[in-house]
Amino acid sequence: MLTTGFHKAFESRIRLGIMSALAVNEALDFNSLKEYLDVTDGNLASHIKALEKEEFIGVEKSFVGRKPNTRYYITDTGKKAFSEHLAALEKLIQSQK
Amino acid sequence: MSAEQNYIRDIAEIRSMMERSSKFLSLSGWAGVMAGIYALVGAYIVHVFFRFRPQELAYDAQDVMQFNLAGVMTVAASVLVLSIGTAIFLSYQRAAKRRESLWNVTSKRLIITSAVPLVTGGILVFILMMHGLIGLLAPVTLVFYGLALYCASSFTFKEMRALGIIQILLGLLGATFVGFGVLLWAIGFGLLHIVYGIYIHMKHER
């Protein structure tokens, strides 16, 4: 059933959500992602780690005053994989009409 | 659920996530309606009680005294504060309902983007007043407010873009036909806000 372009990392809807949000934002911090996805800290962290491992998203750490601020962004690899996944989804739905 | 339905849901979620994370959609239509009402009341007070009816662009220092500028500015500031207060209050309620916070990435972006034209316009109004260019006050607020809406529309409902363009046109018209400045201001800040608010409410809030 799997056609080319589908990526295993995007089978989880939360990961797909993270990628969608990062695709249209320069960078987002952990709490913003959490708010959009409505998930627990641990759950989100594990999905972020998985996407990081694939090098689909990158992390930039900085400080806002004294508070550490971690922001995530989509990498070029991630962008490519995500758009391929989207194209594959569309193709599949088209072909089944 | 069939595989196909699953994929369609995936796409729907992707689209909704892209929109939610890039646009501030908790801006309530009712805030627009209320802002419009405040503006109409404000324009009425200024026009009828303060007799603020400039017919010319510029007045010399002596003639400027005939305008109750302190009163006019107080009314304008009250309209502004009430409108912003109402917008914050209603948006807060809507954001809570959508389980989002009011002060997030998208609302920050919306505010920062519109702040540049708004603050510029605000400062310019004071400069114009200093030079006695009373006839330009109402049109200039329309133009800069329209620019702010136009910029902000990328980060909220896209209908805001049309509202912005119409405000700019009304402002330009007001600068051309100075005698109609206050009337056009009432149309722009009053009537249009009400129409826009009702439209947003019907389209997005039911």
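Trainee: Leaving aside its neighbours within four places in sequence, which residues is B:E100 in contact with?

Mentor: This is a predicted model, and in it B:E100 is in contact with A:E35 from the other chain, and with B:R20, B:S26 and B:A95 from chain B, once the neighbours within four places in sequence are set aside.

Trainee: And where in chain B is B:E100 placed?

Mentor: B:E100 is in the loop of chain B between α4, which covers 69-97, and α5, which covers 105-130.

Trainee: Is B:E100 buried or exposed there?

Mentor: B:E100 counts as buried, because its relative accessible area is 10% and the cut-off for buried is under 20%.

Trainee: What happens just after α2(A)?

Mentor: A:D38 comes there, and it takes a positive phi of about 60°.

Trainee: Let me step back to whole chains. How many helices and strands are there in chain A?

Mentor: Chain A has four helices and three strands, and reading along the sequence gives the pattern α-β-α-α-β-β-α. Its C-alpha atoms fill a box of roughly 55 × 25 × 20 Å along the principal axes, and buried residues make up 43% of its 97 residues.

Trainee: What about chain B, how many helices and strands does it have?

Mentor: Chain B has eight helices and zero strands, and its C-alpha trace spans about 80 × 25 × 25 Å along the principal axes. Of its 206 residues, 47% are buried, and among its contacts with a separation of 6 or more, 76% come from residues 24 or more positions apart.

Trainee: How much of the accessible surface of chain B belongs to carbon and sulfur atoms?

Mentor: The accessible surface of chain B comes to about 11,000 Å², with 71% of it belonging to carbon and sulfur atoms, while for chain A the corresponding values are about 5,800 Å² and 50%.

Trainee: Which residues make the nonpolar surface patch?

Mentor: The patch, of about 660 Å², is made by B:L173, B:F177, B:F180, B:L183, B:I187, B:L191 and B:V195. Helix α8 of chain B, residues 181-204, gives the largest share with four residues, and B:V195 is found in that helix. As background, residues three or four places apart on an α-helix point the same way, because the helix has 3.6 residues a turn.

Trainee: Last topic, charges. How far apart are the centres of the positive and negative sets in chain B?

Mentor: In chain B the centres lie 7 Å apart, for 16 positive and 10 negative side chains, whereas in chain A the mean positions of the 14 positive and 13 negative charges are 3 Å apart.

Note on methods. Residues numbered from 1 in each chain as written. Chains lettered and ligands numbered in written order. Predicted model: local features only at pLDDT ≥ 70, side-chain atom pairs only at ≥ 80, totals over all residues. Heavy atoms only, no water. Helix = DSSP H or I, 4+ residues; strand = E, 2+ residues; numbered from the N terminus. Buried < 20%, exposed > 50% of the residue type's maximum accessible area, 1.4 Å probe, protein only. Contact = heavy atoms within 4.5 Å. Areas by Shrake-Rupley, 256 points an atom, 1.4 Å probe, with all protein chains shown as cover. Lys, Arg positive; Asp, Glu negative; His and termini not counted. Charge placed at Lys NZ, Arg CZ, Asp CG, Glu CD. Patch = residues over 30% accessible without salt bridge, like charges linked within 9 Å, V, L, I, M, F, W, Y side chains within 5 Å. Salt bridge = Lys/Arg side-chain N within 4 Å of Asp/Glu carboxyl O.
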